[in-house]
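Subject: Structure handover and notes

Dear colleague,

I am handing over the structure we spoke about, with the sequence alongside. Please open it first and keep it in view while you read the notes below.

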Amino acid sequence: MKTITKIFATATAAVAIFASTSLSAQTMMEPDPNPAPKGMAFKVGVGLNGGVFRDKSPMDYAYGADLKLQWDLSPYVAVTASGGYTKLIAKDNAVDADFIPAKGGVKVFPIKRMYIATEAGAGIAIQDGAKTNFIYSGGIGYEFGGFDAGVRYEGYVNDSASTTYFRKTGQYALRLAYNFKL
């Protein structure tokens, strides 16, 4: 694994461990006028994504849209499932890649409304002869009102037999969304 991936994995694990432990202070506090959700909520989010790739990547930038389902198991943990459309724009007149990402994941809320998210899934290719990608991602974000803003690293592992083959690469992406609570 690359160093940045190891650092990110270690940081994610550390935050998950600290978020799962419960500490209690001995001081009285005033009630929060804007408390976090109480859990067991179901949300549907509609989002737009945009990202850039590193210089060594055969891809230049990416854009897309998604629909994300989120089930809040508690105020601290949520399970997610998402699907949508993503287009990766290639450098040097190479073949662009279009696919439908289908991912599942987990969100952990270590601080009220701030989350750490991880997802994995498949990028189902649209072009003839293209193969399915393995997609993995991790990032941080913030939910406020119905809005959701997050940044993430999203990696792609492609099959060398694909007509849209590109070596393993990944993007640094921004997602802006609105969540509808059901």
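The average pLDDT of the chain is 83, and 77% of the residues score at least 70. Confidence is lowest in helix α1, residues 3-20, where the mean is 54, and highest in strand β1, residues 42-53, where the mean is 96. Where pLDDT is low, predicted coordinates should not be read in detail, and I would ask you to keep that in mind when you look at helix α1, with its mean of 54.

As to the layout, the chain contains one helix and eight strands, and along the sequence these follow the pattern α-β-β-β-β-β-β-β-β. The eight strands close into a barrel, in the order β1-β2-β3-β4-β5-β6-β7-β8, with antiparallel pairing. From one strand to the next, the twist averages 25°. Of the 182 residues of the chain, 37% count as buried.

Several of the strand pairings can be described in more detail. Strand β4 (residues 97-111) and strand β5 (residues 114-125) run antiparallel and are joined by eleven bridges, and within β5 it is A120 that stands opposite G104. The loop between β4 and β5 holds R113, a residue that has a positive phi of about 70° although it is not a glycine. R113 has a relative accessible area of 17%, and because that value is under 20% it counts as buried.

Further along, strand β6 (residues 133-144) is joined to strand β7 (residues 147-157) by eleven bridges, again with the two strands antiparallel. G141 has G150 of β7 as its bridge partner. The hairpin of β6 and β7 has two residues between the strands, and there G145 takes a positive phi near 60°. Strand β7 also pairs with strand β8 (residues 169-181), in the antiparallel sense and over ten bridges, and in this case E154 has Q171 of β8 as its bridge partner.

Turning to charged side chains, a search of the whole structure finds eleven salt bridges. One of them is formed by E119 and K103, whose closest N and O atoms are 3.3 Å apart. This pair links distant parts of the chain, since E119 is in strand β5 and K103 is in strand β4, 16 residues apart. Both E119 and K103 are buried.

Another salt bridge is formed by D148 and K107, with the closest N and O atoms 3.2 Å apart. Here too distant parts of the chain are linked, with D148 in strand β7 and K107 in strand β4, 41 residues apart, and both D148 and K107 are buried. These two residues also belong to a network of salt bridges that links K43, D66, D72, K107, E143, D148 and R175. R152 and E154 form a further salt bridge, in which the closest N and O atoms are 3.3 Å apart, and both R152 and E154 are buried; E154 is the residue already mentioned as the bridge partner of Q171.

Which residues make the nonpolar surface patch of about 890 Å²? The patch is made by M40, F42, L69, W71, L73, Y76, V77, V79, V106 and L182. The elements that give two or more residues to this patch are β2 (59-72) and β3 (77-90). L69, which lies in strand β2, has a relative accessibility of 35% and therefore counts as partly exposed.

Finally, a word on V52, which lies in strand β1. V52 is partly exposed, because its relative accessible area is 48%. The C-alpha atoms of V52 and Y153 are separated by 9.9 Å, while the two residues are 101 residues apart along the chain.

With best wishes

Methods: Residues numbered from 1 in each chain as written. Predicted model: local features only at pLDDT ≥ 70, side-chain atom pairs only at ≥ 80, totals over all residues. Heavy atoms only, no water. pLDDT = per-residue confidence, 0-100. Helix = DSSP H or I, 4+ residues; strand = E, 2+ residues; numbered from the N terminus. Pairing = 2+ DSSP bridges. Axes fitted to C-alpha atoms, helices over the stretch in contact; angles between N-to-C directions. Salt bridge = Lys/Arg side-chain N within 4 Å of Asp/Glu carboxyl O. Buried < 20%, exposed > 50% of the residue type's maximum accessible area, 1.4 Å probe, protein only. Patch = residues over 30% accessible without salt bridge, like charges linked within 9 Å, V, L, I, M, F, W, Y side chains within 5 Å. Areas by Shrake-Rupley, 256 points an atom, 1.4 Å probe, with all protein chains shown as cover.
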